[in-house]
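Colleague: Could you walk me through how some of the helices pack in this model, and then the ligand site?

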Amino acid sequence: MHETSSVGILTSGGDAPGMNSAVRAAFRSLKMREPDREIVFFREGFRGLARRLDSSSDRSVDRRAVRDIIHRGGTFLGTGRVPELVLPAADAPDRSDRLAAREAFLRVAVANLYQMNLSHLVVVGGDGSFRGARLIADTFRETFPKRPFSVVGIPASIDNDIFGSQYSIGFDTALNNVVDAIRKIRDTVESHKRAIILEVMGNTSGWLALQSAIAGGAAIVAIPEVEATHDHAAIVSRLAAGVRRDYRYFIIVVAEGVQRMVPDWSQHLAEKIELDKATRDVLGAPMEVRINSIGHLARGGSPSAFDNTLAGLLGSAAADVIQLGHLPGEAAIEGDVVVGCRGPYPVVHPLAEVVAKSPRLVTEESPLFQLSEKLMLQAAQPF
Ligand code: F6P
């Protein structure tokens, strides 16, 4: 244990419901074992590390700071993305300016960490935040080789695409938000006998779209990882097969990653459905299509019981790693790490491995993808 050093905590990247519970759990678990150890909160993610500390951090926080936050969505510490921490492309026209800005940011951040006598930084965020954390930790150790310092990451992202954790904090709440939206949209789409295309966040991965489509009973899901799912012609012929079997409305869920790969994907699909002759022949008129986007609504609201429990588990595991050097009953682990979950159990992976293997993507072999194939509308559906 580092008796006199302090522990910093921040939330970073896209906010995720349950981040507050993770901060609270880390705080409470650390204080339970070492009530006198200083805990520092940084505001607005990594920005809080590289500004004037008196306005961007709270030192010696006490238990009142984590009262009445467990039920709130978002993050009471504030969050953000820091473009300075992203390495510019080799051919970026402003590369040298950006490299200089990056260096300046890192210089201030590590000097602040040193000055505050921090031995550990808990970073609650997604894989982009973990990349930034790794850079900061490496720079700190290069600059101050004699001072022990490490990062403990806690996965929090509605995308659920962080290697080393079966679930990330916020995913379950977002999933329930999207399923709720699907249920509401079903009322209107059924009344009008239309097709609805519902766009769902998820960055480069399709987990949120896939699982919400399964749980919400969608007819079709399109995810970036499996090209066959975003083929317009295949979707149109599945819908035509559907109308021949008396389906009169359809819910199509599409992950945002598909839209990035194929610009105007939803618009073009809507046009193709409305123009499809096979569908028109059965219905006597074109099938009407509407496009909706759930966007950031998926990220808001009170965290689900599952997310708060997961946040409690991971926040407490982070404290174990910091204070014991390992999870109870497990071997010691050194360096920067990420605490994740396998079922109800915490697990630890090196930060470098998590960064290298994230985002964790859907594959055709993923059990959830296989399930979607069985449960959704197919052109050759034999019943
Ligand atoms: O990573 C979470 C996420 O909501 C992604 O699904 C989405 O691509 C991104 O953040 C949106 O970022 P922002 O809130 O910065 O627009």
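Predicted model: local features only at pLDDT ≥ 70, side-chain atom pairs only at ≥ 80, totals over all residues.

Colleague: At what angle do H3 and H4 cross?

Modeller: Helix H3, residues 95–115, and helix H4, residues 127–143, cross at roughly 70°, and their axes come within 9 Å (axes are lines fitted to C-alpha atoms over the stretch in contact, with angles from 0 to 180 degrees between N-to-C directions; helices are DSSP runs of H or I, at least four residues, numbered from the N terminus). That makes H3 roughly perpendicular to H4 (65 to 115 degrees; under 35 is roughly parallel, over 145 roughly antiparallel, the rest oblique).

Colleague: And which residues meet there?

Modeller: From H3, Arg102, Leu106, Val110, Leu113 and Tyr114 meet Leu135, Ile136, Thr139, Phe140 and Thr143 of H4 (heavy atoms within 4.5 Å). These divide into 7 nonpolar, 2 polar and 1 charged (Ala, Val, Leu, Ile, Met, Phe, Trp, Tyr, Cys and Pro are nonpolar, Asp, Glu, Lys and Arg charged, and the others, Gly among them, polar).

Colleague: How do H1 and H11 pack, then?

Modeller: The axes of H1 (residues 19–33) and H11 (residues 305–324) come within 7 Å and cross at roughly 40°, which makes H1 oblique to H11. Their crossing is right-handed, and by class the contact has 8 nonpolar, 7 polar and 2 charged residues.

Colleague: Which hand does the crossing of H6 and H13 have?

Modeller: The crossing of H6 and H13 is left-handed, with an angle of about 40° and axes 10 Å apart.

Colleague: Switching to the ligand, which residues are around it?

Modeller: Around the ligand are Arg81, Ile158, Asp159, Met201, Gly202, Asn203, Glu256, Arg260, His296 and Arg299 (each with a heavy atom within 4 Å).

Colleague: How far is a polar side-chain atom of Glu256 from a ligand oxygen?

Modeller: That polar atom of Glu256 lies 2.5 Å from an oxygen atom of the ligand. A ligand oxygen is also 2.7 Å from a side-chain N or O atom of Asp159, and one is 2.8 Å from a side-chain N or O atom of Arg299.

Definitions and conventions:
Residues numbered from 1 in each chain as written. Heavy atoms only, no water. Helix = DSSP H or I, 4+ residues; strand = E, 2+ residues; numbered from the N terminus. Polar contact = N/O pair within 3.5 Å; in protein donor to acceptor, adjacent residues only side chain to side chain. Left-handed = near helix turned anticlockwise from the far one by under 90°.
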